[in-house]
Amino acid sequence: MPAVDVVPLDSAAVDSEGDELEELDDLDARASELPECLAGLFAHDTLILGCELELLPQKIIVRTKDGDVVYKLAPQFLLDTMLINHHPADSIYRHIWTDERVNPYGTMFDSLKEDVHVPMAGFRLPAPGYVTSPYGWRRGRIHKGTDIKVQVGDSIRAAWAGQVRIVGWDPRGYGYFVVLRHENGLETVYGHLSRPLVDEYEAVPAGYVLGLGGNTGRSTGSHLHFEIRYLGEAMNPANLIDFATGELRNKEEYVIGIKAMKQARAEQAAMKYHKVRSGDTLSGIARKYGTTVRKLCQLNKIKETKILQIGQKIRVR
Ligand SMILES: [Zn+2]
């Protein structure tokens, strides 16, 4: 007899009280006796592959692709582990929760097929300043957020209620930064802070002051670098938020067009840049890449008379 009993959800053995279920009070239950997905929870600490968990009073429902199983009164250590591992939008993120990287989600975004409808309720503007630099291509690489003018010491607020996944220090990039996970499935990133004021794992309401604005990391002039991501994939915050008015463009939901996002990324991947060296000219670069000066000027939005700077990146495709 296994230490952990599994009863299918639709089995006659399940009544509304769950009284017929075996009690899982064997504290010696070992990972090898759990279904594969729960064993994964022990093996990887935070990772459950292919399972969704639903925590209810008196029972835990584990949904797997082979059907649902119900646990009544899991052993305390199992409950503890599950509660420790319960974070916003866990089912979307398959229980991956780590402070090691801003995007630890591998190919999870790529495996999405359907457009994602994200509820927008409860939004608060992170900072009221004007946009100093938008999301998009900038100096030969993608700028994955919107830069908002703030003064050192200004309050930087949570865009939605959520839980703090990372409080980090990235001297060559974000500076002091905070990453939040929200119940709607989005994650938001707040960079160049002078001082974070929250701790990892802390649950915060919308509008909560996460830290103070600053100029840390790769930043010239104090500003907030604000990112919105879904499964690690950054999107243009200005598509959701009208920064001129501080209001959401659609207060109900934002639809992430998966096909369009993948297409845009494929186009970005196909882009090619040339780093300008001493003696380079537009016509020389055009010859080298089999294009024309006119096309180069269109791609880079420059005039043919533009003086090239050494080290500057010129888009050639
Ligand atoms: Zn930025």
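Student: If two residues are in contact when their C-beta atoms, placed from the backbone, lie within 7 Å, which residues does Val179 touch?

Tutor: Leaving out residues up to four places away in sequence, Val179 touches Val102, Arg165, Ile166, Glu187 and Val189. This is a predicted model, in which local features need pLDDT of at least 70 and side-chain atom pairs count only at pLDDT 80 or more, while totals for chains, interfaces and linings use all residues. Residues are numbered from 1 along each chain as its sequence is written.

Student: And how confident is the predictor about the chain?

Tutor: The mean pLDDT (the predictor's confidence in each residue, from 0 to 100) is 81 for the protein chain, and 73% of its residues reach 70 or more. Residues 1-34 have pLDDT below 50, although the model gives this stretch 59 contacts beyond near neighbours in sequence. Residues 39-50 also stay under 50, with 25 contacts beyond four places in sequence. Where pLDDT is low, the predicted coordinates should not be read in detail.

Student: OK, on to the sheet: which strands pair with β11?

Tutor: Strands here are DSSP runs of E of at least two residues, helices are runs of H or I of at least four, and both are numbered from the N terminus; two strands pair if DSSP finds at least two bridges between them. On that basis β11 pairs with β12 (residues 175-181) in the antiparallel sense over 7 bridges, and 2 bridges join β11 to β15 (residues 203-204), also antiparallel. β11 and β12 form a hairpin with 4 residues between them.

Student: Which residues stand across from Gln163?

Tutor: Gln163 stands opposite Arg181 in β12, and in β15 its bridge partner is Ala203.

Student: How many residues of β11 are buried?

Tutor: Counting a residue as buried if 20 or more other C-beta atoms lie within 10 Å of its own, exposed if 12 or fewer, and partly exposed in between, 7 of the 9 residues of β11 (residues 162-170) are buried, so the strand is mostly covered.

Student: You mentioned Leu224; why does Leu224 count as buried?

Tutor: Leu224 counts as buried because it has 25 C-beta neighbours inside 10 Å. Leu224 lies in strand β17 and touches, among others beyond four places in sequence, Pro126, Ile148, Tyr190 and Gly213. Its C-alpha atom is separated by 8.0 Å from that of Thr146, 78 residues apart along the chain.

Student: Changing topic, where do Arg94 and Leu231 lie, and what is phi for each?

Tutor: Arg94 lies in the loop between α3 (90-93) and β5 (116-119), and its phi is positive, about 50°, although it is not a glycine. Leu231 is in the loop between β17 and β18 (233-235), and its phi is near 50°, again positive in a residue other than glycine. Most residues other than glycine have a negative phi.

Student: Are those two buried or partly exposed?

Tutor: Arg94 is partly exposed, because it has 17 C-beta neighbours inside 10 Å, whereas Leu231 is buried, with 23 other C-beta atoms within 10 Å.
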